[in-house]
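The sequence and structure come first.

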2 protein chains.
Amino acid sequence: MELTQHTDYGLRVLMYAASNPGRRVTLKEVAAAYSISMEHLRKVVHRLARHGLLVTAKGRSGGFMVSQPAGEIRVGDVVRLLEGSLEIVDCERQPCPLRGACALKRALQQARHAFMEELDKVTLADLVSEGDTVDRLLKLNARP
Amino acid sequence: MELTQHTDYGLRVLMYAASNPGRRVTLKEVAAAYSISMEHLRKVVHRLARHGLLVTAKGRSGGFMVSQPAGEIRVGDVVRLLEGSLEIVDCERQPCPLRGACALKRALQQARHAFMEELDKVTLADLVSEGDTVDRLLKLNARP
């Protein structure tokens with residue numbers, strides 16, 4: 001029950017950007033910090049920008065930053081935006097004869113709801129303000 | 001954030017078996033009911049048996065049935081048994097420099113906990129006793 005790599009990287013990018021308030025960060029430095037390919041990250045950043053979570057600027061002093069106060073970005077909303085689908089099982093796989101009338105599906109939806117409700121309680125600001133995480137993020141930023 | 005196909009099929013198999021109390025069902029009929037290949041299902045049934053959720057019998061009147069009252073089998077436990085991992089993100093992917101000190105990881109674990117807690121409230125008996133699901137399962141069983 002993993003989130004997609006895309007969502008995972010999207011959250012890492014947001015955490016990096018949010019730990020650099022007031023400064024544009026570059027694709028290059030984020031890629032170096034997380035050892036993720038620029039190509040991969042470019043798509044993630046593009047998507048985050050398209051959804052209005054990042055503002056980007058081109059040119060020499062270009063880069064991107066979080067578009068709004070990190071305390072207003074709910075982790076649950078980021079997951080909703082980045083995950084292609086929130087389905088827990090694929091009822092169209094061999095199409096299941098129970099689909100449309102399935103107590104399992106309903107139980108899984110209930111569980112997913114509880115999952116997302118937890119993530120809605122957490123903001124991006126929470127993610128970058130906890131002691132040990134802050135330390136790590138600062139170390140990343142301090143890299144040459 | 002999908003469950004694996006293995007878990008999905010495992011739950012479908014259990015629902016089928018539990019809707020046939022007191023009777024051994026065969027791999028062949030379950031495969032036909034769900035249009036899933038026997039080969040695929042064989043592995044799933046083997047795993048469910050190994051974990052003590054199904055009892056199997058070989059021979060002419062062989063097949064398998066649920067090992068205990070369906071009301072005692074929690075959906076959460078089935079998911080724990082069948083999913084290889086319950087991790088929501090893979091921190092070892094490009095190994096993430098935040099791992100071991102990551103507020104995101106903790107938030108996701110919290111959310112997963114809420115997810116599993118919901119599934120622990122539901123038993124296999126619940127899944128096969130809801131009106132519309134029962135109807136569908138009975139129709140599957142009635143197939144030649």
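In this predicted model, Arg93(A) and Glu2(B) form a salt bridge, with the closest N and O atoms 3.7 Å apart. The pair crosses between chains: Arg93(A) lies in the loop between α4 (75-82) and α5 (103-120) of chain A, and Glu2(B) lies in the segment before α1 (5-18) of chain B. Over all chains, the structure holds 28 salt bridges.

**Exposure of the pair between chains**
- Arg93(A) has a relative accessible area of 16%, and it counts as buried because that value is under 20%.
- Glu2(B) is partly exposed, its relative accessible area being 35%.

- Asp8(A) pairs with Arg12(A) in a salt bridge whose closest N and O atoms are 3.1 Å apart.
- Helix α1 (residues 5-18) of chain A holds both Asp8(A) and Arg12(A), which are four residues apart, about one turn of the helix.
- Asp8(A) is buried at 2% relative accessibility, and Arg12(A) is buried at 3%.

**A salt bridge network**
- Salt bridges link Glu2(A), Asp8(A), Arg12(A) and Arg93(B) in a network.

**The pair Lys121(A) and Glu118(A)**
- A salt bridge joins the side chains of Lys121(A) and Glu118(A), at 2.7 Å from N to O.
- Lys121(A) is at 58% relative accessibility, so it counts as exposed, the cut-off being over 50%.
- Glu118(A), with a relative accessible area of 19%, is buried.

Key
Residues numbered from 1 in each chain as written. Chains lettered and ligands numbered in written order. Predicted model: local features only at pLDDT ≥ 70, side-chain atom pairs only at ≥ 80, totals over all residues. Heavy atoms only, no water. Salt bridge = Lys/Arg side-chain N within 4 Å of Asp/Glu carboxyl O. Helix = DSSP H or I, 4+ residues; strand = E, 2+ residues; numbered from the N terminus. Buried < 20%, exposed > 50% of the residue type's maximum accessible area, 1.4 Å probe, protein only.
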